[in-house]
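Subject: Handing over the structure

Hi,

Here is the structure I promised to pass on to you. Have a look at it first, and then read on for my notes on what turned up.

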Amino acid sequence: MKNFKYASAALFVATALLLFFINGCTKQGPVGPAGNNGKDGNANIKVYVFKGDSLTGAHSFYNYIPLRQGIIDSSLILSYYYPRNGYWYPAPGSGASSMYITRTALYPTADSTAYYILAQNNDGSTYTGSTIPLDTVRIIVAPAMGFGKKDPVDFNDYHATMVYFGLIK
């Protein structure tokens with residue numbers, strides 16, 4: 001009986017260590033084309049670009065990305081918008097001069113996912129400010145296995161995120 005306890009404990013420890021090491025490994029996707037920084041990108045990272053829209057209290061940005069719910073559920077989804085003032089802003093997040101906040105929503109369907117960005121006042125109420133022109137919206141989809149054990153990055157920083165994924169210099 002004593003040997004059985006030790007064997008069970010050893011098996012438990014060995015299994016726990018095996019699972020720990022398996023989970024600690026990252027699987028890189030195939031190498032994608034070189035970004036503007038001259039480094040290879042990751043072919044698993046997708047960037048969806050939309051042009052020309054606006055945000056108001058009654059109008060939100062709305063578009064479809066061609067991804068099913070399984071991909072959405074197992075990926076990092078980041079979005080940024082450029083409101084023609086020279087800066088990229090993360091969504092969700094605080095807008096230009098912290099005059100408003102943005103929220104995002106994803107609604108997966110059978111073959112695609114509806115993606116929304118809406119503006120609100122800082123207290124969460126319906127946005128009452130002037131129209132926010134959106135020159136460009138970029139949605140980045142990074143499967144969980146497409147990134148991982150790299151240097152830390154501030155995903156609120158558009159430029160740092162794009163460099164991190166090898167998308168720009």
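Ser-98 is placed in the loop between E7 and E8. Its backbone is worth a look too: Ser-98 has a positive phi of about 55° although it is not a glycine. Ser-97 lies in the loop between E7 and E8 as well, and its phi is near 55°, again a positive value in a residue other than glycine. Ser-97 is exposed, with a relative accessible area of 67%. For background, most residues other than glycine have a negative phi, and most peptide bonds are trans. You will find Pro-92 in the loop between E6 and E7.

Before you go further, please keep in mind that this is a predicted model. The chain has a mean pLDDT of 78, and 71% of its residues reach 70 or more. Over residues 4-40, however, the pLDDT is below 50; that stretch has 36 contacts in the model beyond near neighbours in sequence.

Back to the loop between E7 and E8, where Tyr-100 also lies. Is Tyr-100 buried or exposed? Tyr-100 is buried, with a relative accessible area of 4%, because buried means under 20%. Leaving out residues up to four places away in sequence, Tyr-100 touches Tyr-81, Gly-93, Ser-94, Gly-95, Ala-119, Gln-120, Asn-122, Tyr-127 and Ile-132. Two of those contacts come with a distance. The side chain of Tyr-100 makes a polar contact with the side chain of Tyr-81, at 3.3 Å. Tyr-127 is 27 residues away from Tyr-100 along the chain, and the C-alpha atoms of the two are separated by 7.4 Å.

Now the sheets. An open sheet of 4 strands has the order E4-E9-E8-E7, and its pairing is antiparallel. E4 and strand E7 (93-94) stand at the edges with a single partner strand each, so one side of each is left without a neighbour in the sheet. E4 and E9 pair in the antiparallel sense over 5 bridges, and Ile-65 stands opposite Thr-113 in E9.

There is also an open sheet whose 4 strands follow the order E3-E10-E5-E6, with antiparallel pairing. Which strands stand at the edges of this sheet? They are strand E3 (46-55) and strand E6 (89-91), each with a single partner strand, so one side of each is left without a neighbour in the sheet. From one strand to the next, the twist averages 30°. Inside this sheet, 8 bridges join strand E5 (residues 75-82) to strand E10 (residues 132-143), and the two run antiparallel. Ile-77 is a handy landmark for that pairing, standing opposite Val-141 in E10. As a reminder, strands of a sheet pair through backbone hydrogen bonds, either parallel or antiparallel.

How many salt bridges does a search of the whole structure find? The search finds 2. In general, side chains of opposite charge can pair when their charged atoms come close.

- Arg-68 forms a salt bridge with Asp-111, and the closest N and O atoms are 3.2 Å apart. This pair links distant parts of the chain, 43 residues apart: Arg-68 is in the loop between strand E4 (61-65) and helix H2 (69-73), while Asp-111 is in the loop between strand E8 (101-108) and strand E9 (113-120). Arg-68 is exposed at a relative accessible area of 52%, and Asp-111 is exposed at 54%.
- Asp-135 and Arg-84 meet through their side chains in a salt bridge of 3.9 Å, N to O. This pair also links distant parts of the chain, with Asp-135 in strand E10 and Arg-84 in the loop between E5 and E6, 51 residues apart. Asp-135 counts as partly exposed at 29% relative accessibility, whereas Arg-84 is exposed, with a relative accessible area of 51%.

Notes. Residues numbered from 1 in each chain as written. Predicted model: local features only at pLDDT ≥ 70, side-chain atom pairs only at ≥ 80, totals over all residues. Heavy atoms only, no water. Pairing = 2+ DSSP bridges. Axes fitted to C-alpha atoms, helices over the stretch in contact; angles between N-to-C directions. Salt bridge = Lys/Arg side-chain N within 4 Å of Asp/Glu carboxyl O. Buried < 20%, exposed > 50% of the residue type's maximum accessible area, 1.4 Å probe, protein only. pLDDT = per-residue confidence, 0-100. Contact = heavy atoms within 4.5 Å. Polar contact = N/O pair within 3.5 Å; in protein donor to acceptor, adjacent residues only side chain to side chain.
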